[in-house]
Amino acid sequence: MVADATGFNASLRNKLGTIFNFETQIEPFDIVLTFRKYIKRPKNYVGSEFKVFFGKYHGISWINSELPDLIDLFAGIPKLSAHKNPKEIVRELESMILKNTDGPVDFTPIRANYGGIIPTRRCLDSFCGNGFLLMGDSACQVEPLNGSGIASGMLAGYLAAKTVNSIFEAGKEFTINNLWSYNYEWITNIGAQYASLDILRLFLLSITENDVSFLIKHKIITESELRKSMIGETIRVSLLELIRKLFYGFSRMGLLLELNNAIRDADKIKKIYLNYPIHFDLHEFNRWKKTRDKILNKYYRKLKLRWQSRSAPS
C-alpha cells in the first residue's frame, strides 16, 4: 500500500499518474503563489479583526489581527502571466498596518516568512487506485478560495486510515473497489462544498479586477458572504437584499446576471458532487465526470480566452 502525501509537488502522482489514471497536469489558473509572515502585534495597533481582501491582482490577501500577540499577513496570487510578487503585496499590507498604528512597527518576522506554491481548485476526481492513495495537496484537497488545506488534509488522513484499516482487518486486497469509500466519504463530506466554492473562484478569475472591485465596493458580493462560504455556508439572498443588490448593480446588469449564473452553477455542481458514485464503476464514474464537466468547461473556456488575449503580443 502506497500513499502520496508529498504536497503540491505530488512526486508519486506525477510519475505514476498515467498508470493509475490520476490527473498529472494542474492548470495555471488553479495554482497560487503565496507569501506569508507573522509579526509581533504592535502595542498601539488599532483593531482586532480578520480582514480579507478578495480580487486585488486576482488573488486573495489578508491581515489577521485576531491573534493575541501576533498579526498574520498573507498574500496569494494565481500563477498567471505578469503576476505580481506576493511578497510585494505583503509589504502593501504592512503599510496598511502602519496607518492603524500610533508609533513604530517592527516587521521582523516571528514565524513563517516564506513563499510557497499551493493548488486552489476542487479536489481531483479520485484519490485512489489499486494499492495507491493520494491525500492532502497532492489530491488538491484544499479550500479553493484561499488554498487552506490543513483541516481537509487531516480529514483525508483520518478517512484514508479508516478505510485501509477496515480492508486490512477484513483480510481483503487494497483494490480501487475496496478503497473507493475513501473517495466517496471525503467528497460528500467536504468536497462538494469545495467544488461549489471553486465555481465562485473561477467566476472571479474570469472577470476583470475592476469588475471584482465593483461587486465588493457596492456590496453585491460582501466579504462576510465570501468568508461564510469559506466555512461551508451557501450564499443565499433574501428578497429585500436582492432588491438592494439589483439597485446598486443596475448599471452593470450584465455582470450581475453573470454572478447570478455562477451562484446557480455553484449550487448545481454541489449537488453533482453529493451524488458522487458510491461504488467504483468505470462507466458510472465517467458519466458523473461528463455531467460535472458541462458546468466546469464553460468557465475554463472563458478563462483561457481571457488570459490568452492578455498575454498575446500587441
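Guide: Buried means under 20% relative accessible area, exposed over 50% and partly exposed in between, with a 1.4 Å probe and protein chains only. The model is predicted, so local features need pLDDT of at least 70 and side-chain atom pairs count only at pLDDT 80 or more, while totals for chains, interfaces and linings use all residues. Residues are numbered from 1 along each chain as its sequence is written, and side-chain values use heavy atoms, with hydrogens and water left out.

Visitor: Is serine 65 buried or exposed?

Guide: Serine 65 lies in the loop between β4 (60–64) and β5 (70–78); helices (H or I, at least four residues) and strands (E, at least two) are DSSP runs, numbered from the N terminus. Leaving aside neighbours within four places in sequence, serine 65 is in contact (heavy atoms within 4.5 Å) with Arg41, Tyr45, Gly47, Ser48, Glu49 and Ile71. Because its relative accessible area is 1%, serine 65 is buried.

Visitor: What separates the C-alpha atoms of proline 86 and alanine 75?

Guide: Proline 86 belongs to helix α2 (residues 86–99) and counts as buried at 7% relative accessibility. Its contacts, apart from neighbours within four places in sequence, are Leu33, Thr34, Phe35, Ala75 and Ile77. Proline 86 and alanine 75 are eleven residues apart along the chain, and their C-alpha atoms are separated by 5.4 Å.

Visitor: How are helix α4 and helix α8 oriented, roughly parallel or roughly antiparallel?

Guide: Axes are lines fitted to C-alpha atoms, for helices over the stretch in contact, and angles run from 0 to 180 degrees between N-to-C directions. Helix α4 (residues 176–206) and helix α8 (residues 253–274) pack at about 160 degrees, with their axes 8 Å apart. Angles under 35 degrees count as roughly parallel, over 145 as roughly antiparallel, 65 to 115 as roughly perpendicular and the rest as oblique. The angle therefore makes α4, relative to α8, roughly antiparallel.

Visitor: How many residues of the contact of α4 with α8 are nonpolar?

Guide: The contact includes Ile187, Ile199 and Phe203 of α4, and Leu255, Leu259 and Tyr273 of α8. Ala, Val, Leu, Ile, Met, Phe, Trp, Tyr, Cys and Pro count as nonpolar, Asp, Glu, Lys and Arg as charged, and the others, Gly among them, as polar. By that division four residues are polar, four are charged and the nonpolar ones number twelve.

Visitor: Which residue forms a salt bridge with glutamate 23?

Guide: A salt bridge is a side-chain nitrogen of Lys or Arg within 4 Å of a carboxyl oxygen of Asp or Glu, and the structure holds 17 of them. With the closest N and O atoms 3.2 Å apart, the partner of glutamate 23 is arginine 121.

Visitor: How many residues apart are glutamate 92 and lysine 56 in sequence?

Guide: The side chains of glutamate 92 and lysine 56 meet in a salt bridge at 3.1 Å, N to O. Glutamate 92 lies in helix α2 and lysine 56 in the loop between β3 (50–54) and β4, so the pair ties together parts whose separation in sequence is 36 residues.
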